[in-house]
Amino acid sequence: MTAQPHPHVRFRRAIERGALWLAEDAARELPNLPLEDALQLVHLYAERGSPKYERAALRWLERYLTEGCPRLAHFAAITAKLACHEHPGSE
């Protein structure tokens with residue numbers, strides 16, 4: 001029997017491979033997904049056209065506001081970039 005890699009290692013590998021469901025599974029096992037990693041998951045949702053994208057992007061922005069110390073212009077730029085990934089009709 002071999003030991004499973006730590007969930008964070010599995011998460012990073014899944015992100016690198018573009019394996020969305022594996023990344024989600026590993027993220028669920030982590031007590032606190034770091035903000036940078038959470039953004040990688042948001043980008044993977046966008047790449048895969050996942051219906052979870054908008055909600056995940058909004059949750060990430062909320063975390064960014066509370067955990068970081070963003071400047072208003074930087075926050076606006078990031079928000080605009082994330083909004084560019086929205087799918088038509090997703091309101």
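The exercises below work through helix packing and aromatic pairs in a predicted model.

Residues are numbered from 1 along each chain as its sequence is written.

**Exercise 1.** Determine how helix H3 is oriented relative to helix H4, and which residues meet.

*Solution.* Start with the helices, which are DSSP runs of H or I with at least four residues, numbered from the N terminus: H3 covers residues 35-48 and H4 covers residues 53-67. Their axes, lines fitted to C-alpha atoms over the stretch in contact, with angles from 0 to 180 degrees between N-to-C directions, come within 9 Å and cross at roughly 160°. That makes H3 roughly antiparallel to H4, a term for angles over 145 degrees. Next, list the contacts, meaning heavy atoms within 4.5 Å: Leu35, Ala38, Leu39, Val42, Tyr45 and Ala46 in H3 meet Tyr53, Ala56, Ala57, Trp60, Arg63, Tyr64 and Glu67 in H4. Sorted by class, the contact of H3 with H4 has 11 nonpolar, no polar and two charged residues, where Ala, Val, Leu, Ile, Met, Phe, Trp, Tyr, Cys and Pro count as nonpolar, Asp, Glu, Lys and Arg as charged, and the others, Gly among them, as polar.

**Exercise 2.** Describe how helix H2 packs against H3.

*Solution.* H2 spans residues 20-29, and its axis lies 10 Å from that of H3 at an angle of about 155°; H2 and H3 are therefore roughly antiparallel to each other. On the H2 side the contact is made by Leu20, Ala23, Glu24 and Ala27, and on the H3 side by Leu41, Leu44, Tyr45 and Arg48.

**Exercise 3.** Find the aromatic pairs in the whole structure and state how many there are.

*Solution.* Rings of Phe, Tyr and Trp (its six-membered ring) pair if their centres lie within 6.5 Å, and planes under 30 degrees apart count as stacked; the search finds two pairs. In one, the rings of Trp60 and Tyr64 have centres 5.0 Å apart and planes at 10°, so the pair is stacked. Trp60 is buried (under 20% relative accessible area) at 5%, and Tyr64 also counts as buried, at 12%. Tyr64 also forms a stacked pair with Phe75, with 6.3 Å from centre to centre and 10° between the planes. Because Tyr64 lies in H4 and Phe75 in helix H5 (residues 72-83), this pair ties together parts that are 11 residues apart in sequence. Finally, Trp60, Tyr64 and Phe75 form one aromatic cluster.

Definitions and conventions:
Predicted model: local features only at pLDDT ≥ 70, side-chain atom pairs only at ≥ 80, totals over all residues. Heavy atoms only, no water. Helix = DSSP H or I, 4+ residues; strand = E, 2+ residues; numbered from the N terminus. Parallel < 35°, antiparallel > 145°, perpendicular 65-115°, else oblique. Phe/Tyr/Trp six-rings, centres within 6.5 Å; stacked < 30°, edge-to-face > 60°. Buried < 20%, exposed > 50% of the residue type's maximum accessible area, 1.4 Å probe, protein only.
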